[in-house]
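Me: Hi! I'd like to go through this structure with you. Could you take a look with me?

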Amino acid sequence: MQLINYKKIGYIQSLKSGKKISGNNLSKEIVRRKNILSSLGVKSSDKIIIMHGGEPDFFSDLFSLWDIGCCAICLNPGTTVNELDNICDFVKPKMILHNGNM
């Protein structure tokens, strides 16, 4: 169930890189990512770590996970291996999305 009408978003832009995505393209990208995630066995209530940010791809991943019904755990990409191990031991995520490129 889609709760947000992504096509109504003007666009999301990274101030750092200048990369942007329109609401219409965001909507298409979310569907594409949902299909990939579903084909990998991701389902509602799964815990997924997103370990990238600062770019529009972060929102594509976040919104696709929310549309599936997942719990998105957003971590700083600079999280150390030791910290990540501790978090994974506690949270038990199904997967980690590292760079947003699917």
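Me: Which residues are buried in helix 2?

Reply: They are P56, D57, F58, S60, D61, L62, F63, S64, L65, D67 and I68. Buried means under 20% relative accessible area, exposed means over 50%, and partly exposed is in between, with a 1.4 Å probe and protein chains only. Helices (H or I, at least four residues) and strands (E, at least two) are DSSP runs, numbered from the N terminus. Before we go on, this is a predicted model, where local features need pLDDT of at least 70, side-chain atom pairs count only at pLDDT 80 or more, and totals for chains, interfaces and linings use all residues. Residues are numbered from 1 along each chain as its sequence is written, and side-chain values use heavy atoms, with hydrogens and water left out.

Me: Thanks! What do the buried residues of helix 2 pack against?

Reply: Their partners are strand 1 (11-13), strand 2 (20-22), helix 1 (23-39), strand 3 (47-50), strand 4 (71-74) and strand 5 (95-97). Contact here means heavy atoms within 4.5 Å. With 11 of its 13 residues buried, helix 2 is mostly covered.

Me: And how far does helix 2 reach from its first C-alpha to its last?

Reply: Helix 2 covers residues 56-68 and reaches 19 Å, close to the 18 Å expected at 1.5 Å a residue. That expected span is 1.5 Å times one less than the number of residues. Just after helix 2 comes G69, with a positive phi of about 105°.

Me: Which residue has a positive phi although it is not a glycine?

Reply: S45 is one of them, at about 80°. Another is K92, at about 55°. Most residues other than glycine have a negative phi.

Me: Where is S45, and is it buried or exposed?

Reply: S45 sits in the loop between helix 1 and strand 3, and it is exposed, with a relative accessible area of 58%. K92 lies in the loop between helix 3 (81-91) and strand 5, and K92 is exposed too, at 62%.

Me: Changing topic: how many salt bridges does the structure hold?

Reply: Eight. A salt bridge is counted when a side-chain nitrogen of Lys or Arg is within 4 Å of a carboxyl oxygen of Asp or Glu. One of them joins K19 and D57, with the closest N and O atoms 3.3 Å apart. That pair links distant parts of the chain, since K19 is in the loop between strand 1 and strand 2 and D57 is in helix 2, 38 residues apart.

Me: Is D57 buried or exposed?

Reply: D57 is buried, with a relative accessible area of 13%, whereas K19 counts as partly exposed at 41%. D57 also meets R33 in a salt bridge, at 3.3 Å from N to O. Here R33 in helix 1 and D57 in helix 2 are 24 residues apart. R33 counts as buried, at 2% relative accessibility.

Me: What about D46, which residue does it meet in a salt bridge?

Reply: K43, at 3.6 Å from N to O. D46 counts as buried at 11% relative accessibility, and K43 as partly exposed at 47%. Separately, salt bridges that share partners join K19, E29, R32, R33, D57 and D61 into one network.

Me: Nice. In what order do the strands form the open sheet?

Reply: The order is 4-3-5, with three strands and parallel pairing. Strand 4 and strand 5 are at the edges with a single partner strand each, so one side of each has no neighbour in the sheet. Two strands pair if DSSP finds at least two bridges between them; strand 3 and strand 5 pair over three bridges. I48 stands opposite M95 in strand 5.

Me: Last one: how many aromatic pairs are there?

Reply: Four. Rings of Phe, Tyr and Trp (its six-membered ring) pair if their centres lie within 6.5 Å, and planes under 30 degrees apart count as stacked, over 60 as edge-to-face and the rest as tilted. F58 and F59 are edge-to-face, 5.1 Å centre to centre with 85° between the planes. F63 and W66 are tilted, at 5.9 Å and 45°.

Me: Where do F63 and W66 lie?

Reply: Both are in helix 2, three residues apart, about one turn of the helix. F63 is buried, at 9% relative accessible area, while W66 counts as partly exposed at 46%. Ring pairs link Y6, F58, F59, F63 and W66 into a cluster.
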